[in-house]
Amino acid sequence: MTSQNIYILAIESSCDDTAAAVMLNGKILSNVVASQNIHEEYGGVVPELASRAHQQNIVPVVHQALKKANIDKSQLSAIAFTRGPGLMGSLLVGTSFAKSLAYGLNIPLIDVNHMSAHILAHFIEEEGFNKPPFPFLAMTISGGHTQIVKVNSYFDMEVIGETIDDAVGEAYDKSGKILGLGYPAGPQIDKRAQVGNPKAFKFTKPKVDGLNFSFSGLKTAILYFIQKETKNNPDFIEQNLDDICASIQYTIIGILMDKLKLASKETGIKHIAIGGGVSANSGIRKALKDGEKKFGWTTYIPKFEYTTDNAAMIAIVGYLKYLEGEFSDFNVTATARLKI
């Protein structure tokens with residue numbers, strides 16, 4: 001099976017980005033993403049609008065992915081798609097399209113767990129990027145998820161820590177909303193944090209036992225802090241925005257790194273990988289790299305375009321499953337809450 005050329009078409013539609021990619025034997029030939037800007041005015045993703053936009057975008061996005069890869073759909077070996085987790089309406093669009101196309105072409109269908117894909121994005125053949133050896137620890141951080149996963153093999157993963165309330169991406173967005181920043185707020189806070197003083201304002205870290213996370217209390221602490229300061233000085237946010245953002249980011253990074261340090265100590269694993277949209281954050285990346293000197297870690301950070309929701313990461317899981325002959329039944333259904 002490995003001696004032939006294996007072309008995987010991958011489709012990702014778990015949230016508000018419609019994405020398609022084509023992979024040949026582990027290498028990405030095309031990776032196309034159509035973003036939905038309509039959600040910015042609402043300060044968050046509106047599920048109904050997202051699913052409608054997916055319906056409009058999916059055919060042109062797949063067409064462009066095939067065109068950029070310079071192949072015809074008749075050359076495809078299999079179609080991989082995101083089964084979950086995610087927004088149900090959005091997942092249904094990608095699932096239905098993938099099933100229909102695979103059935104029409106009479107080729108295998110492969111369902112993919114979105115969170116596993118964020119981790120396995122590290123195994124895309126990419127020059128200048130090393131692949132983590134098994135076992136390794138993966139911290140997946142995104143708008144909807146925050147997890148620490150012990151990865152024993154491609155398809156043997158164990159979640160050893162996760163958020164009990166808000167995800168780290170939600171902490172950024174909700175803090176940004178309090179400060180009057182647009183959506184998504186993460187990149188804006190990150191940009192301002194780079195020129196602000198991270199120790200200007202102190203926010204208490206939530207106390208959660210073990211390897212689990214909590215960000216809801218931090219959001220509330222930031223809200224009360226801003227309400228108190230603006231009551232005394234209506235211009236407080238405007239006058240201190242960079243320092244506020246730097247202090248928020250410093251606290252969030254501290255929470256993440258504390259749990260990662262504990263996970264490494266408890267498991268004895270010093271190979272650390274990150275993934276998910278929030279892993280594009282410059283402060284988190286720097287903290288992880290600093291961990292190499294401080295804690296003797298070897299760290300793995302994926303190519304920037306493979307951090308946010310994309311189809312390339314779906315493609316690599318599809319390819320690995322294809323090699324194992326792990327195909328889906330055409331009765332497979334989308335699942336909004338899908339565990340690793």
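Of the 340 residues in the chain of this predicted model, 51% count as buried. The accessible surface comes to about 15,600 Å², and carbon and sulfur atoms account for 48% of that area. The secondary structure amounts to nine helices and 10 strands. With a radius of gyration of 21 Å, close to the 20 Å that the globule rule gives for 340 residues, the chain is as compact as a globular protein of that length. Along its principal axes, the C-alpha trace spans about 65 × 45 × 30 Å. When contacts between residues at least 6 apart in sequence are considered, 73% of them join residues at least 24 apart. As for charge, the chain carries 33 positive and 34 negative side chains, and the centres of these two sets lie 4 Å apart.

Once the neighbours within four places in sequence are left aside, Ser-14 is in contact with Thr-82, Pro-85, Gly-86, Leu-87, Ser-90, Leu-91, His-114 and Asp-309.

Most peptide bonds are trans. The bond that joins Gly-84 and Pro-85, however, is cis, with an omega of about -10°, and Pro-85 belongs to the loop between β4 (78–84) and α2 (88–105). A cis bond is also found from Phe-134 to Pro-135, where omega is near -10°; Pro-135 lies in the loop that runs between α3 (114–120) and β6 (136–141).

Most residues other than glycine have a negative phi. Asn-70, in the loop between α1 (47–69) and β4, has a positive phi near 60°, and with a relative accessible area of 70% Asn-70 is exposed. For Asn-106, whose place is in the loop between α2 and β5 (109–113), phi is likewise positive and near 60°, and at 70% relative accessibility Asn-106 counts as exposed, because the cut-off for that term is over 50%.

The side chains of Ser-214 and Asp-165 are joined by a polar contact of 2.6 Å.

Val-168 is found in helix α4, which covers residues 168–178, and at 0% relative accessibility Val-168 counts as buried. The residues that Val-168 touches, apart from those up to four places away in sequence, are Ile-141, Ser-142, Thr-146, Phe-215, Ile-252, Leu-256 and Val-278. Thr-140 is 28 residues from Val-168 along the chain, and the C-alpha atoms of the two are separated by 9.9 Å.

Ile-272, for its part, is found in strand β9, made up of residues 271–275, and is buried with a relative accessible area of 0%. Beyond the neighbours within four places in sequence, the contacts of Ile-272 are Leu-137, Leu-260, Ser-264, Leu-288, Trp-297, Thr-298, Thr-299 and Tyr-300. Between the C-alpha atoms of Ile-272 and Lys-289, which are 17 residues apart along the chain, the separation is 9.9 Å.

How values were computed
Residues are numbered from 1 along each chain as its sequence is written. This is a predicted model: local features need pLDDT of at least 70, side-chain atom pairs count only at pLDDT 80 or more; totals for chains, interfaces and linings use all residues. Side-chain values use heavy atoms; hydrogens and water are left out. Contact means heavy atoms within 4.5 Å. Helices (H or I, at least four residues) and strands (E, at least two) are DSSP runs, numbered from the N terminus. The radius of gyration is taken over C-alpha atoms; the globule rule is 2.2 Å times the number of residues to the power 0.38. Buried means under 20% relative accessible area, exposed over 50%, partly exposed in between (1.4 Å probe, protein chains only). Accessible areas come from the Shrake-Rupley method with a 1.4 Å probe; for residues, only the protein chains shown count as cover. Lys and Arg count as positive and Asp and Glu as negative; His and the chain ends are not counted. The place of a charge is taken as NZ of Lys, CZ of Arg, CG of Asp or CD of Glu. A polar contact is a pair of N or O atoms within 3.5 Å; within protein, one must be able to donate a hydrogen and the other to accept it, and residues adjacent in sequence count only if both atoms are side-chain atoms.
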